[in-house]
Amino acid sequence: MKKSLLTLFALAAMSATALAADIKPAIVYGTGGKFDKSFNEAAFNGAEKFKKETGVAYRDFEPTGDTQGEQALRNFASKGFNPVIAVSFAWTSALQKVAAEYPKTQFVLIDDSLDLPNVRSVKFKENEGSYLAGVMAALASKSGKVGFVGGMDIPLIRKFECGYEQGARATNPKIEVFQNMTGTTGAAWNDPVRGGELTKNQIDQGADVVYAAAGATGLGVLQTAADNKKLSIGVDSNQNYLHPGSVLTSVVKRVDLAVYNAFTDAKNGKFTAGTQELGLKEEGVGVAMDEHNKPLVTPDMKAAVDKATADIIGGTIKVHDYTTDNACPKS
């Protein structure tokens, strides 16, 4: 009996090892670099958490241009990596081709959706998190003027801006909201110098809080705001620590959770295709509160954020999604 039990334990251990060996995760980041302290780095953090907990290694690739995504996705799939995560809407058309070529490979697309049987699409309600940032910006602003600097001029980034503007205007109907986009190509995600220039221009117009939704470009926004003793708002990852006392908050987008869950589900044989949309209710977005911004967040501000959060989840506040009609209501 004892020998039989030992045999069973050995078989179980071998099965577990085989299961771990069957999964070969891979990530193709968006342009802007793995360590952008924002969107890509959130994906990296999710992969690192999975690796630390399971011991399963992963491979990743940092494209430097808009044309490298398809090649990277196909390269990973052809070498048996599974699942393969495409961390950007920029790889949607590329993934549509590659996923059809490798129907047995599980893919994940972040920030867009594809209706394919082997693709999980993960989208976020960035407008909801940005609404909360707008509430905080309006309450923190002494000038009644706030700003927004986006990366690439696309509907997704205007979704951030529109949510932010709605939250600010709901809090102070007379507030002025300045906005600029950095560019129209993938280079717009990795231009902190230009981000700083746009921020300085908004500050010169009177803005005393500037929200960056621009990947690595946003690092220039946060730096310029700090240099000019103004407040900034970070994005995707919690960026409060970058300039403590200057970053009012960060609109956190749980790309890390999307990556971690995809790897975990694949490892456990529970991977599903289809579209997931994560908002405040699902804790997929939110505003970061920690020791780095605690001195900036007043009790009234915290109460206003808590109320807005509850009202959005409960349906009392409906935050318009720019991507549904390419428009942003002004009231």
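Me: Where is Pro83 found?
Reply: In this predicted model, Pro83 sits in the loop between α3 (68-78) and β3 (84-86).

Me: What makes the peptide bond from Asn82 to Pro83 cis?
Reply: Its omega. The angle is near 0 degrees, and the bond from Asn82 to Pro83 is cis. Most peptide bonds are trans.

Me: What is the phi of Asp111, and where does the residue lie?
Reply: Phi of Asp111 is near 85 degrees, a positive value in a residue other than glycine. Most residues other than glycine have a negative phi. Asp111 belongs to the loop between β4 (107-110) and β5 (119-124).

Me: Why is the pair Glu70 and Lys97 called a salt bridge?
Reply: The rule asks for a side-chain nitrogen of Lys or Arg within 4 Å of a carboxyl oxygen of Asp or Glu. The N to O distance for Glu70 and Lys97 is 3.5 Å. That is within 4 Å, so the pair counts as a salt bridge.

Me: What makes this pair a link between distant parts of the chain?
Reply: Glu70 is in helix α3, and Lys97 is in helix α4 (residues 92-101). The two are 27 residues apart. The structure holds 18 salt bridges.

Me: How many salt bridges does the rule find across the interface of domain 1 and domain 2?
Reply: The rule finds 0 there. Polar contacts are another matter: 7 residue pairs make them across this interface, with both partners at pLDDT 80 or more. Helix α2 (residues 39-54) gives the largest share of the side of domain 1 that touches domain 2, with 3 residues. By class, that side has 5 nonpolar, 4 polar and 7 charged residues.

Me: How do you know that domain 1 and domain 2 are in contact?
Reply: Contact means heavy atoms within 4.5 Å. By that cut-off, 16 residues of domain 1 touch 22 residues of domain 2, so the two are in contact. The buried area between them is about 1,500 Å². Carbon and sulfur atoms give 58% of that area. The C-alpha centres of the two domains are 27 Å apart.

Me: Which residues make up each domain?
Reply: The domain assignment gives 26-124 + 256-282 for domain 1 and 126-252 + 298-324 for domain 2.

Me: What feature does UniProt place at residues 35-314?
Reply: The unreviewed UniProt entry lists "domain: ABC transporter substrate-binding protein PnrA-like" there. Over residues 35-314 the chain is 43% helix and 21% strand. The end C-alpha atoms of this stretch are 36 Å apart.

Technical notes:
Residues numbered from 1 in each chain as written. Predicted model: local features only at pLDDT ≥ 70, side-chain atom pairs only at ≥ 80, totals over all residues. Heavy atoms only, no water. UniProt positions renumbered as here; feature names shortened; annotations may be inferred. Helix = DSSP H or I, 4+ residues; strand = E, 2+ residues; numbered from the N terminus. Domains from an automatic or database assignment. Buried area = accessible area lost by both parts, 1.4 Å probe. Polar contact = N/O pair within 3.5 Å; in protein donor to acceptor, adjacent residues only side chain to side chain. Nonpolar A, V, L, I, M, F, W, Y, C, P; charged D, E, K, R; others polar.
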